[in-house]
Every structure is written in structure tokens, then in C-alpha cells.
Amino acid sequence: RAAGAGLPCRASRGRSGRSSRRGTWTETDTRRPRRPPNFTKRQVRHGAITMLNALIGWSARNKFLVVIMTVFIVLAGIYAVLKTPLDALPDLSDVQVIIYTEVPGQAPQVVEDQVTYPLTTAMLSVPKSKVVRGFSFFGASFVYVIFEDGTDIYWARSRVLEYLNFAAGRLPKGVTPQLGPDATGVGWVYQYVVLARDKSLAELRTIQDWFVRYQLTKAPGVAEVASIGGFVQQYQVVVDPVKLRAYGVPLMKVVQAIRDSNRDVGGRVVEMAETEYMVRGRGYLRGTADIEGLVVKSERGTPVLVRDVARVELGPDERRGITELNGEGEVVSGIAMARYGQNALDVIRGVKEKLAEIAPGLPAGVTIETVYDRSELIERAIATLKTTLIEESIIVALVCLVFLLHVRSALVAIIM
């Protein structure tokens with residue numbers, strides 16, 4: 001044995017194959033590695049049967065615990081069924097955030113150079129973003145930031161908004177980008193039209209924009225209510241270039257006069273007889289007459305008003321499309337968009353409840369009719385699924401009953 005080793009040793013030869021006279025001792029471990037036991041199929045089957053017998057025996061001895069676990073499992077299943085989002089159209093779209101920027105009157109090439117390109121390059125460094133796409137149109141820019149699968153939509157929106165604050169300084173003055181709604185292409189779940197026989201399209205669009213839309217936005221799960229169709233009313237100042245030249249008034253001076261006059265100002269308070277009076281200058285424009293009376297230029301005490309160089313009227317905004325109903329004429333419509341990941345069926349129910357709630361507050365003769373309701377498609381899909389599951393359960397039960405001649409096995413197939 002080696003000194004102090006306490007292990008069995010043996011003599012070994014050198015590289016030449018001869019053993020030295022005194023011998024060379026090396027420590028070796030003569031214990032052989034243990035092989036895993038080779039179980040036969042019969043032994044494996046016997047072990048499985050033993051485990052099942054032990055499980056059945058434990059369940060028979062602890063009936064109360066088994067009943068409690070069964071109740072919890074049943075309640076969890078019922079809760080999962082009730083909370084499962086129901087929709088007939090699966091949402092397979094990527095997690096994306098849309099940045100919309102309006103640049104009025106600019107050509108697509110100018111929009112690309114001044115808005116789309118700076119925003120696209122700034123969004124390339126957003127964490128977890130995999131694709132950034134930019135589209136430039138006449139007067140508008142769209143930038144799509146697509147994230148990796150599994151990214152939380154609201155985390156992605158916050159990151160895009162954070163990088164958007166840094167990119168805003170590279171944009172032209174007066175251009176403000178904004179985020180699109182937290183919805184996807186399949187979020188279009190409900191659409192309605194606003195109808196009236198004695199109302200114009202402009203009046204119906206005003207009712208939709210300033211009353212119906214805001215009420216439906218409060219419905220749970222609604223990301224946005226988009227208005228389409230009709231005419232958006234606006235005050236239009238149509239200048240006469242001949243009169244502008246005759247009075248010596250530049251066009252920008254007319255624009256500046258209207259912009260500066262449409263605002264309220266506040267002052268300090270004046271104390272009189274131990275009473276405070278607030279000083280306030282009221283200057284909001286409330287009609288065409290207010291705009292016509294604005295002073296553009298004053299020469300030798302004679303003012304030049306807006307009505308002297310331009311015509312003020314209430315007219316519609318420019319339109320890029322129309323909305324028709326059944327080919328019978330134009331209508332005003334609204335689209336309810338569901339939020340990302342929401343239960344479409346619950347969102348539609350909430351929108352219908354809001355419509356029923358605001359119906360008494362509509363002007364006389366104004367009605368709201370449904371033109372698209374996905375809940376009908378969802379309910380038909382659920383009914384088809386129920387019918388198919390019942391038929392399959394019956395078929396499986398019959399097969400078990402005929403081939404196994406065992407009633408309990410057939411019942412298990414039906415219940416499970």
C-alpha cells in the first residue's frame with residue numbers, strides 16, 4: 001500500500017515496457033461503476049400498478065380532501081369558461097404601435113423627408129422592436145413599429161412614446177405626432193349609422209362627433225369610436241386677392257389677426273367696497289359675424305375689417321371619401337374599435353347598452369341603426385361548436401359502449 005494512502009496499489013511499467021527494480025506505484029480505484037438495473041416489462045408494469053393502487057388507496061382513505069380538490073377543479077373550470085375571450089375571428093396580428101402625423105398641404109416627398117424619415121430612424125432603437133415601416137401620403141405620415149411576439153402592448157406603447165419625445169425636436173414646427181389606438185385590424189366589432197329625415201349630413205355629423213362618440217367611448221373595452229361620412233363643419237375665410245392688394249394688406253396679416261383674436265385673457269382682481277371683481281377679457285369667436293368684425297388694418301383712424309377683404313362662411317371640410325347605406329344615399333356612421341386582447345362579445349354588449357342609454361337624449365327624429373354586429377357571428381360560431389361537441393361525445397360514447405361493453409367508460413367519455 002502507498003504510504004498514508006490507504007488504497008490498494010499495483011505495480012506499473014514505464015514507457016519502455018520494463019518494470020523498474022524498485023517498482024513504480026500508482027494509486028488506482030478498483031471499484032467498478034455501478035450499472036443501472038435492467039427492469040423487465042413485467043417489473044415496470046407491476047410498479048405502475050402498485051403506484052395506481054397506492055393512489056386509489058390514498059383517495060379512498062382521504063375522501064374529504066378528494067371532494068375538496070374536485071370542487072376546486074370544477075370551479076376553476078367554470079371560471080375559465082366564463083372568462084375566456086370569445087371571438088369568431090382569431091387575432092393573429094403582431095404587436096404593433098402606430099404613429100400618425102398630420103402635415104396639412106404637404107406633398108408625399110416633403111412628408112417623407114421632414115416627418116417619416118426622422119420618426120422611422122428614431123424608432124429603430126426601441127427595445128424589442130423587430131420591424132419599423134414608414135408610409136408617406138399627401139398631408140399625412142404613418143409609422144408602424146412592430147414588436148417581438150409576447151411583448152405587452154402597453155409596455156410597447158410606453159416605450160414608443162418615450163422615444164417619440166426625443167424625436168419631436170427633429171420635426172418641423174407645428175407638427176405633432178400622435179399614437180394610434182390600442183387596437184388591431186380585427187378590432188372592428190360594431191358599426192352603426194345616424195339617421196334623420198329632417199337633418200342634413202353636417203348636422204348629423206355634429207351629433208355623432210359631439211354627443212354619440214363620446215358616450216360610446218365610455219363603454220368598457222372600447223379603444224376608439226371612429227366617425228366616417230357626412231360633413232365636418234368649419235369656418236372658412238375666402239379672401240379676395242384684388243381687395244387685399246387695394247387695401248395693402250398681406251395675407252399673413254389676415255391669418256394673424258384671426259389667430260390673435262380667438263382667445264380669452266385674464267387679469268387681476270379689483271377690490272371695491274370690500275368686494276373683489278375679477279377682470280376678464282372675453283375674445284372667443286362664436287360665429288361668422290365675430291370673424292367679419294375683426295380689424296385687420298387701421299389707417300388714419302379708419303379700420304379695415306375682415307369683411308372688407310374676405311368672405312366668411314360656414315362650410316364643410318375637405319373629404320377623402322363617403323359612406324353609403326344600401327345604395328340609397330350618404331349617411332353618417334360610427335365604428336367601435338375593441339381594445340387589444342379584449343373580449344369582443346363583452347365589448348359589443350357594452351356598446352349596445354350605451355346606445356340604449358343615450359337614445360332618449362337624441363334630438364327628435366334622430367335614430368341609430370346597426371349595420372354591422374359581430375356578436376351574431378360569434379353566437380352562431382358558439383352554437384356550431386356546441387352542436388359538434390355534443391355529436392362527437394355521443395359518437396365516442398357509442399363506440400365505447402359497443403366495443404368495450406362498459407357503460408361507465410361511455411359515461412366518462414360523455415362527461416370529460
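A polar contact is a pair of N or O atoms within 3.5 Å. This criterion applies to the first of the close-up views below, which are drawn from a predicted model.

**View 1. The start of helix α10 carries a contact between a side chain and the backbone.** A side-chain oxygen of N343 reaches to within 3.2 Å of the backbone nitrogen of L345. Because the limit for a polar contact is 3.5 Å, the pair N343 and L345, at within 3.2 Å, falls inside it.

**View 2. Helix α10 spans residues 344-358 and packs through its buried residues.** The helix has 15 residues and extends 21 Å from its first C-alpha to its last, close to the 21 Å expected at 1.5 Å a residue. The buried positions of α10 are A344, L345, V347, I348, G350, V351, K354, L355 and I358. These buried residues pack against the strands β7 (188-195), β8 (222-228), β15 (332-338) and β16 (367-373), and against the helices α5 (201-217) and α11 (374-404).

View 3. Two or more lining residues come from each of β3 (96-102), β5 (140-147), β6 (178-179) and β8. Strand β8 gives the most to this lining, with four residues. By class, the lining of the largest pocket holds 11 nonpolar, eight polar and seven charged residues.

**View 4. The second largest pocket has a volume of about 270 Å³.** It is lined by 19 residues, and those nearest its centre are D87, D91, V186, G341 and Q342. The lining of the second largest pocket divides into 10 nonpolar, five polar and four charged residues.

**View 5. K128 has a positive phi in a loop.** Most residues other than glycine have a negative phi. In K128, a residue other than glycine, phi is near 65°. K128 is found in the loop between α3 (108-123) and β4 (129-137). With a relative accessible area of 45%, K128 is partly exposed.

**View 6. R300 likewise has a positive phi in a loop.** The phi of R300, a residue other than glycine, is near 55°. The loop that holds R300 lies between β12 (295-299) and β13 (302-305). R300 has a relative accessible area of 84%; because exposed means over 50%, R300 counts as exposed.

How values were computed
Residues numbered from 1 in each chain as written. Predicted model: local features only at pLDDT ≥ 70, side-chain atom pairs only at ≥ 80, totals over all residues. Heavy atoms only, no water. Buried < 20%, exposed > 50% of the residue type's maximum accessible area, 1.4 Å probe, protein only. Expected span 1.5 Å × (residues − 1). Contact = heavy atoms within 4.5 Å. Polar contact = N/O pair within 3.5 Å; in protein donor to acceptor, adjacent residues only side chain to side chain. Nonpolar A, V, L, I, M, F, W, Y, C, P; charged D, E, K, R; others polar. 1 Å grid on protein atoms, 1.4 Å probe; cavity = no way out; pocket = protein on both sides within 12 Å on 5 of 7 lines; lining within 4 Å. Points joined across faces, edges and corners; volume = space filled by probe spheres on them.
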